[in-house]
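Trainee: Could you take a close look at one part of this model with me? I'd like to go through its charged side chains.

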Amino acid sequence: MKHMNKQLYNTRLLKRALLPLLASTLLLGSCKKNILQLLNPNQPIPQGALTTENGIDAFAQGIFYKWIAVETGDGNLNFFDIAWYMESNMGDEDFTPYSNFGSRYPMNIAKITLPPPYNTPVVNPSGFATQLNILESFNTRAAGDGNSIQYEWDCFYYVNAQANALLTALANPALKLSGDAATKIKLLQAWAYYWKGYSYSKIGSMYLAGLIDDNLDSAAKGLTSNLYVPHDQVIANANKNFDQAAAIFGSITENGDYDATFKLMIPTFNVPGNIITPAMWVRNIKSFEARNYLVNRKVAAMTSSDWTTVQTLAAAGMQQNDYALQWGSAPLGVPDLTKGFGFPLHPMVLHALNGGLSYVSERLIQDIMPGDKRFTAFKLYPTGPQVNVLNRGIQFGTRYLPIDFEDTTAAYKGKGRYATDNYDPRALVSIAPTYEETALMTAEADIYMGNVDAGLKLIDAVRASQGAGLPTLAGSGITADSALVHLHSERRIGLYLHNTSWYDARRWGITQPVAQGGGRIGNILVPGTLIGPSGTPATILPCLIDYSFSDYWDIPQNELDFNAPGPGSAPIKN
């Protein structure tokens with residue numbers, strides 16, 4: 001069992017003030033108001049501090065620090081990571097059985113049916129029949145940090161407001177920059193539009209509806225909108241902002257001033273030395289637009305025209321050896337976006353042995369192909385199988401633990417890929433599309449379009465790039481159905497912790513009710529008490545899992561209480 005202080009609802013989180021690095025990054029000029037601590041992202045900011053080069057560069061990097069916000073009773077939390085691991089839970093690659101921050105509620109599976117000869121239906125012990133029921137129950141301001149659906153909404157509207165403010169500051173003629181000022185301004189403008197596209201992509205891919213705030217004066221004037229538009233319109237606006245960013249990136253010639261400004265935009269623990277060139281940015285944006293198109297459609301309803309669109313966008317997308325945005329961490333004692341919140345909020349720390357809230361799902365392990373060397377990045381849990389943790393549901397159980405990068409045990413040394421207990425600098429998570437994701441989007445389109453071998457070649461390429469050591473698929477003559485099994489497996493392990501598993505489960509129809517053709521046969525670590533007399537050990541059984549998740553979330557009541565939908569708004573609740 002992990003730390004005892006996580007076995008009950010933990011309200012004893014650290015109330016630390018922002019650590020020195022955050023303060024030094026975000027305090028603009030002589031201003032003493034830390035923009036990170038603004039509860040209202042539209043609150044006016046000190047524009048005078050944004051006329052200097054140091055101020056504008058710090059403000060651009062401050063987009064990362066908008067991930068951090070205050071939750072009443074908890075102080076500062078990393079909203080970005082909380083949203084990230086909730087999606088990881090719904091994609092059933094990791095799981096979180098704890099109630100902190102409403103973590104377990106999105107993984108409220110409706111029913112798990114044991115296989116013959118048992119055939120026992122096991123409903124979720126939460127008392128809520130479906131995920132929607134439990135999320136609706138906690139979608140109130142009174143629920144405090146237990147309102148699961150607030151974090152993603154808040155995080156990305158904070159980021160969007162920061163990007164708006166950055167664009168406003170860049171248009172100020174009083175801004176003075178050294179060297180190639182035109183290139184620096186273009187880079188910073190494109191950076192702002194990129195993050196606006198990113199923010200709308202996350203909102204539009206998660207919620208039934210959203211708000212469009214592209215007014216560059218919104219932060220200064222406190223403007224907002226009460227017109228909630230459907231999520232597909234939010235995605236269209238994401239792509240519009242991405243296109244604006246791509247147009248600017250396309251006009252930039254990389255030089256020393258570009259590189260210097262890039263390094264100042266990226267926190268030191270997010271590998272600023274991996275300079276994303278203008279051409280790489282444009283390709284990343286095309287991959288993001290391909291993702292936006294793919295993940296907001298159900299595969300069962302996609303036509304050849306849809307798959308052609310995915311192919312076209314991905315063909316202009318990320319290439320092998322392109323850099324993508326990364327999220328790392330700093331060593332113990334050095335402030336970053338991970339520490340100081342009661343739990344270390346980083347995907348590769350959370351599911352480490354001493355890390356925090358998460359465990360590796362048995363369904364992820366199940367989906368790794370036999371002989372895949374990436375499986376060796378996991379080991380058996382040192383304290384034995386973790387069975388029905390806290391009695392929160394039998395889906396919350398696992399035999400496996402990811403090996404830490406820094407594990408020096410003879411059997412595990414050098415095998416770490418997905419975890420760190422001590423903030424190893426190799427613990428980097430891609431927070432934007434990668435070459436691997438782009439190749440697998442094209443592969444999936446190829447297979448559905450009948451070009452099975454072309455798709456298999458791309459799966460082989462991704463596996464080779466990650467050292468999977470599996471036999472070559474191309475030329476094997478396997479059927480399209482078999483090819484899709486490999487495609488699904490590769491998206492599971494090849495994109496593990498890449499923030500795609502939930503989107504995939506939704507679009508593949510897995511998370512819709514079994515009665516509507518959804519669900520899956522998934523490995524469950526079934527408690528012995530459900531299959532035999534006292535003393536029967538927990539056993540892995542292939543069970544029918546009825547997730548019955550909502551495709552898109554309701555709008556958080558935290559927003560609606562202060563911003564009721566205006567005339568013409570789209571539906572805001574399921």
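Which residues are linked with R374 in a network of salt bridges?

Mentor: Keep in mind that this is a predicted model. The network of salt bridges links R374 with D372, R463 and E490. Let's zoom in on one pair in there: R374 and E490 form a salt bridge, with their closest N and O atoms 2.6 Å apart. R374 sits in the loop between α13 and β10, while E490 belongs to helix α16 (residues 480-494), so this pair ties together parts that are 116 residues apart in sequence. As for burial, the cut-off is under 20% relative accessible area. R374 comes out at 0%, so it counts as buried, and E490, also at 0%, is buried too.

The side chains of D367 and R520 meet at 3.0 Å, N to O. D367 is in the loop between α13 (362-366) and β10 (378-380) and R520 is in strand β13, so here the parts tied together are 153 residues apart in sequence. Both D367 and R520 are buried.

Follow R520 into its strand and you land in a sheet. β13 (520-526) is an edge strand with a single partner, so one side of it is left without a neighbour in the sheet. The sheet is open and antiparallel, with four strands in the order β5-β4-β14-β13.

D424 counts as buried because its relative accessibility is 10%, whereas R426 is partly exposed at 46%. In total, the structure holds 24 salt bridges.

Methods. Residues are numbered from 1 along each chain as its sequence is written. This is a predicted model: local features need pLDDT of at least 70, side-chain atom pairs count only at pLDDT 80 or more; totals for chains, interfaces and linings use all residues. Side-chain values use heavy atoms; hydrogens and water are left out. Two strands pair if DSSP finds at least two bridges between them. Helices (H or I, at least four residues) and strands (E, at least two) are DSSP runs, numbered from the N terminus. A salt bridge is a side-chain nitrogen of Lys or Arg within 4 Å of a carboxyl oxygen of Asp or Glu. Buried means under 20% relative accessible area, exposed over 50%, partly exposed in between (1.4 Å probe, protein chains only).
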